[in-house]
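Student: Please put the model up, and then we go through it piece by piece.

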Amino acid sequence: MSRAQDMIGTWIGWTFFADLAKGLGLTFGYMFSKTVTMQYPDKEKWLPYSRYRGHHFLKRDEEGEIKCVACELCARICPCYCIEVVPYEDEKGNRRPIKFEIDTARCLFCGLCEDACPADAIALGQQYEFSSFSSRDLVIGRDDLLAKPGKAATGGGVVAARLNTENDVLVETNEPQGYNWWRNIRRR
Amino acid sequence: MELVVALGLIVFKVALLIAILLLLPLPLTWVERKIAGHIQQRMGPMRVGWHGLLQPVADGIKLLTKEDHIPTEADRFLFKLAPILALAPPFVVFVAIPFGESVSVLGNEITLYVSNMNVALLFVFAVIGLEVYGVIIGGWAANSKYAVLGSLRTCAQMISYEIPMGFAVIGVVMLAQSMSLLEIVRAQADVWNIVYQPIGFFVFFVAGLAEAQRIPFDLAEAEGDLGAGFHTEYSGIRFAFFMVSEYVIMLLVSVLTVILFFGGWNGVLIPLPPLLWFALKVAFFVYLFMWFRFTFPRYRYDQLMAIGWKVLLPLSMANIIITGIAFS
């Protein structure tokens, strides 16, 4: 098609608002497409992948004893100095932490403590709902850290959620949606 | 005795009309937010009530309990007067609007309009023009630069768009040989005016968009550059007045479009009750307004004026001439 015909076609299109109609058609299509909203605290909740760096947790060994040897390497490598470890000698003669405190208000969740740990004792788990009204409550001690949920086994799913999130922390999904999860909620 | 009954009927109709018009913006805000959400692949309000149906009630309670703030530098009397001046004209206009012929209740024929004026169209345009006073007084009284700029823009826009709007309906009046809205609808019993007056409809609807301050012509309250235009300084219930007025005008433009160009309560193909046909058509145009809002960007101010004076006005005049030649 020649350029003159092209221009005439464009002008005819403009006269009958072809461009505006195209835009309206697009928004109309989106209006009846699936929404991408996740109704987070009300109904649904996102489960993180196993690589996710959420709240810290301390691990136990096979005998149920804390794995931490209180070497204080995590406290040393921590870029914001939010870990405080005090060692003691337990009845078996092992070096263990008597005090292991993480100030999550200051923590930046870089995961360096996990990398530095020689005993594979500390890691960052799947929990991400630990907001609080007081920054005092964000200082987590040894026993609380032992009770925190570990890393997600499968991740990337949507599970039912309630406004009271306390009880829903440990939910695992059966249908991991994979890395391209967002493709599934876009319109067809 | 008959006079008392007739008077009582009119009072009842007016009260009903006011109640409907005051309450209708509530579901309309919900609908608008839902449409906005779904066009943007969101859900809109979901938390208050079933699918957020009670959201407008919550918003209303919020607006009623908010602090009614008046700036220290404001002109207190005019500041309080402006919302009422903006709210009253759109309500008054509905006195002249027919919603149908008549219904029989308990054996009595009750007309579905408050008054059948023979100059209804003129009345509508005269009264709707008064709404601009509320806007300019509101903007001026607040003593804020954003409000003044917004009200100046609104005034210029409303005045320039009322002219093509007025010219656009002349074609309709020529076809119906009457200015009574009832006669205009009756004249469209066979063929709707949109068939004879496509240009008139286009000009009227675009000017109506500008008149109702809706996107793409919502320069008066362009959030990006003016805060909120003339009601920047308003809060609480006074702000709600402006919002209600805006929604009633949107409704009014839809109703006028239906009456003037889309056959009013005359149905086509499917035999539905006339009032339902009317409501369906109005609902479609209200939806169109909201659909436009979340599709198109805002025009620049000089473009707005150019469209009004250089496109719509010549088009509407040409429409009068064409109608005159074709139907003389």
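Student: Where does Cys78(A) sit?
Tutor: Cys78(A) is in the loop between α3 (73-77) and β3 of chain A. Helices here are DSSP runs of H or I with at least four residues, strands are runs of E with at least two, and both are numbered from the N terminus.

Student: What about the conventions?
Tutor: The model is predicted, so local features need pLDDT of at least 70 and side-chain atom pairs count only at pLDDT 80 or more, while totals for chains, interfaces and linings use all residues. Residues are numbered from 1 along each chain as its sequence is written, chains are lettered from A and ligands numbered from 1 in the order written, and side-chain values use heavy atoms, without hydrogens and water.

Student: Which residues does UniProt list with Cys78(A) for "binding site"?
Tutor: The unreviewed entry lists Cys78(A), Cys107(A), Cys110(A) and Cys113(A). These four are spread over 36 residues of sequence but cluster in space, with a largest C-alpha distance of 10.7 Å. UniProt positions follow the numbering used here, feature names are shortened, and annotations may be inferred rather than shown by experiment.

Student: And which group includes Cys74(A)?
Tutor: For "binding site", the unreviewed UniProt entry also lists Cys68(A), Cys71(A), Cys74(A) and Cys117(A). They span 50 residues in sequence, but no two of their C-alpha atoms are more than 10.5 Å apart, so they gather at one spot. Cys74(A) itself is in helix α3 of chain A.

Student: Back to β3(A). What is the strand order in its sheet?
Tutor: The order is β3-β4-β6 (chain A), an open sheet of three strands with antiparallel pairing. β3 (83-89) and β6 (139-140) of chain A are at the edges with a single partner strand each, so one side of each has no neighbour in the sheet. Two strands count as paired if DSSP finds at least two bridges between them.

Student: How many bridges between β3(A) and β4(A)?
Tutor: Seven, with β4(A) covering residues 95-103. Ile83(A) is opposite Ile102(A) in β4(A).

Student: How far apart are the domain centres in chain A?
Tutor: The centres of domain 1 and domain 2 of chain A are 64 Å apart, taken over C-alpha atoms. Domain 1 is 1-32, and domain 2 is 61-122 + 134-142. The bounds come from an automatic or database domain assignment.

Student: Switch to chain B. Which strands pair there over four bridges?
Tutor: Strand β1 (residues 102-105) and strand β2 (residues 108-111) of chain B, running antiparallel. They form a hairpin with two residues between them, and Leu106(B) in the turn has a positive phi of about 55 degrees. Val103(B) has Ile110(B) as its bridge partner, and Ser102(B) has Thr111(B).

Student: What is the helix content over residues 6-24 of chain B?
Tutor: That stretch is 95% helix and 0% strand, with its end C-alpha atoms 27 Å apart. Residues 304-327 of chain B are 96% helix and 0% strand, with the end C-alpha atoms 32 Å apart. Both stretches are among those that the unreviewed UniProt entry lists for "transmembrane region".
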